[in-house]
Amino acid sequence: MAKDNIQTQLDRLKDAQKLTDFSGESVFVPLSGYFAPSKREVPADAELVSHRLMIRAGLIRKLAGGIYSYLPLMLRSIRKLERVIRGALNRKGARELLLPAVQPLELWQESGRDKKYGPELLRLKDRHQRDFVIGPTHEEVITDIIRKEIHSYRDLPINLYQIQTKFRDEIRPRFGVMRGREFIMKDAYSFDLDEEGANGSYLDMYQAYKEIFDQCGLRYAIVEADSGAIGGSYSHEFMVLADSGENTLMFCDSCSYAANQEKSALESYEIESFPDSPLERVHTPGMRHVPELAKFMGVKERAIIKSMLFITESKGPVLVLIPGHREINPVQLENSLAAGAVRLAGPEEAEGIMGVPMGFVTPVGSKVRVVADHGVRLMGSGIVGTGEKDYHYRGAKLGRDFEVSEFLPLALAEAGDPCPHCGNPLSVKKGIEVGHVFKLGTKYSEAMGAKVQRKDGSEAFIIMGCYGIGLGRTIAASIEQGNDKDGIIWPMRLAPFEVSLLPLQTNDESVMEATATLVEGLTALGVEVLLDDRDERPGMKFKDADLLGLPIRVTVSLKSVAGGNCELRVRRTGEVRMLPLKEAPGEIKALRDSMLQAESQEKSSA
């Protein structure tokens with residue numbers, strides 16, 4: 001009889017599996033029939049916490065370098081994020097489409113970005129030997145559609161978006177889905193007649209992004225950013241704050257300034273000025289690097305002027321000077337030189353151009369164009385190479401011993417540097433980029449001839465904006481922000497399921513009857529349940545539940561059922577309390593709803 005009764009409860013659970021939400025996702029799933037292969041060990045190349053936990057919890061599996069399969073739990077989270085994104089963008093009047101992943105190379109040649117992207121652009125030929133690329137982004141494709149279909153100001157503004165797989169052939173993919181080669185991205189594109197309209201579209205998307213990341217319960221910052229290979233006049237990044245972030249963010253606590261470190265341009269910073277002295281040639285055997293040279297000369301690193309040779313795409317080599325204790329900001333260097341792509345010369349290349357090994361290169365009598373960071377001008381004099389191996393000059397004075405053609409803001413910003421807006425000290429945080437909004441202007445419409453007729457009959461190039469969100473990155477960033485020694489701590493909105501339900505004795509009639517009743521009550525209220533119906537030890541079930549980290553855990557045991565209760569535990573806080581079985585579904589739904597609200601409000605006020 002007991003077996004028959006247990007089978008009856010299992011049949012009830014099978015009926016519950018048929019329940020889906022409005023998007024077609026299952027509201028209830030038994031773990032035994034789900035594909036969620038957890039692991040105890042992880043690969044040695046899993047550097048970030050999120051990467052390790054996503055593998056251990058059965059969210060992803062590696063296929064090749066930078067290419068991952070998304071397993072059912074991960075895909076549920078992706079679908080939830082998609083739902084949030086679609087809701088926010090649709091409310092702003094954006095319309096969804098889907099563009100081809102394979103794009104003709106000639107479109108990229110039209111815009112000139114085939115060279116800008118270089119080897120990151122995966123190229124291929126079809127059977128007719130025509131050149132194509134796998135799209136890393138879709139500015140060219142969407143501009144091609146618009147130039148063919150939109151011809152009058154009456155058809156503007158328009159905002160189109162898609163959620164689609166992209167491919168960028170990263171030279172060193174790492175951090176799991178955080179910096180993979182294949183990834184899912186939401187990219188949107190706005191088209192306007194004039195600057196006023198374009199600014200309005202940009203603001204709409206900026207606000208939509210705030211709504212998206214607020215709903216996801218993420219702690220994030222919005223910072224000024226460089227537009228990189230996308231191009232355009234200005235942009236903002238949405239950064240999830242996490243100590244493991246690969247982006248360094250500069251903040252001013254006294255005003256509203258916030259920028260990616262690579263965007264922070266320093267006209268001035270604390271620098272030491274050195275008194276004039278005669279130019280002195282000093283034997284410095286093997287002293288090629290600033291720290292060892294400073295120690296050998298008995299000076300601080302700030303007394304040395306670093307001379308670094310860079311190669312520009314359109315203007316040849318340039319010698320760049322910067323105080324020895326500072327690092328060059330490569331993005332500011334490329335933007336300031338306005339000479340296309342810029343790269344540091346290799347040792348052999350530099351020696352071939354300058355006639356001396358790196359470390360002894362000199363601006364004194366240089367036949368190569370010399371530019372310098374503003375800090376060099378404030379130093380007055382310093383230690384530089386002589387252009388002769390194993391020798392340096394002490395007391396090399398700007399204007400007397402060497403000349404600089406242009407001073408530029410090239411130093412990478414650091415904590416304590418003055419805010420460019422108010423002058424107060426900057427502070428530093430780490431972040432993970434999850435979204436980026438760009439004001440493109442007419443970069444693509446001019447290159448590709450996308451025009452419309454104005455009201456007065458004249459023609460104007462369409463003004464564009466583009467807006468991206470990395471979906472896999474957002475999920476991984478939420479895990480970087482939410483985890484502990486036991487596993488993931490999901491925000492409610494992104495969790496694959498909302499409740500982990502653990503019957504500890506699956507062969508007991510009373511436990512399974514209570515479990516089936518809870519499932520029916522919760523699913524009727526629209527609460528998503530993952531049932532661990534495996535015949536495993538309680539300790540294993542608890543360990544796996546903590547590893548996956550669903551927001552709410554409900555445990556049903558012989559002891560709790562005997563008292564007419566079930567046990568509730570909140571993953572984030574560890575709070576535990578007993579709930580009467582009859583009241584549990586309503587209590588759990590109320591808790592779910594309050595957690596959703598609290599996560600959103602917490603970020604909105606941050």
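A salt bridge is defined here as a side-chain nitrogen of Lys or Arg within 4 Å of a carboxyl oxygen of Asp or Glu. By that criterion, the structure holds 45 salt bridges.

The structure is a predicted model, in which local features need pLDDT of at least 70 and side-chain atom pairs count only at pLDDT 80 or more, while totals for chains, interfaces and linings use all residues. Residues are numbered from 1 along each chain as its sequence is written, and side-chain values use heavy atoms, with hydrogens and water left out.

**First stop: K62 and D45**

Select K62 and D45, whose side chains form a salt bridge with an N to O distance of 2.9 Å. K62 belongs to strand β2 (residues 60–64) and D45 to the loop between β1 (28–30) and α2 (49–56), so the contact ties together parts that are 17 residues apart in sequence. Helices (H or I, at least four residues) and strands (E, at least two) are DSSP runs, numbered from the N terminus. K62 counts as partly exposed at 46% relative accessibility, and D45 likewise counts as partly exposed at 36%. On this scale buried means under 20% relative accessible area, exposed over 50%, and partly exposed in between (1.4 Å probe, protein chains only).

**Second stop: R394 and E280**

Next, select R394 and E280, a salt bridge in which the closest N and O atoms are 3.4 Å apart. This pair links distant parts of the chain, 114 residues apart: R394 is in strand β20 (residues 391–397) and E280 in strand β14 (residues 280–283). R394 is partly exposed, at 29% relative accessibility; E280 is also partly exposed, at 39%.

Select R553 and D546, where the closest N and O atoms of the salt bridge lie 3.9 Å apart. Are these two residues buried or exposed? R553 is buried, with a relative accessible area of 11%, and D546 is buried at 12%.

Finally, display strand β22 (residues 426–441), which runs antiparallel to strand β11 (residues 234–241) and is joined to β11 by 8 bridges. Strands count as paired if DSSP finds at least two bridges between them. Within this pairing, V240 has I432 of β22 as its bridge partner. Strand β12 (residues 247–252) is also antiparallel to β22, with 6 bridges; here C252 stands opposite L426. A further 6 bridges join β22 to the antiparallel strand β25 (residues 463–470), where M464 is the bridge partner of G441.
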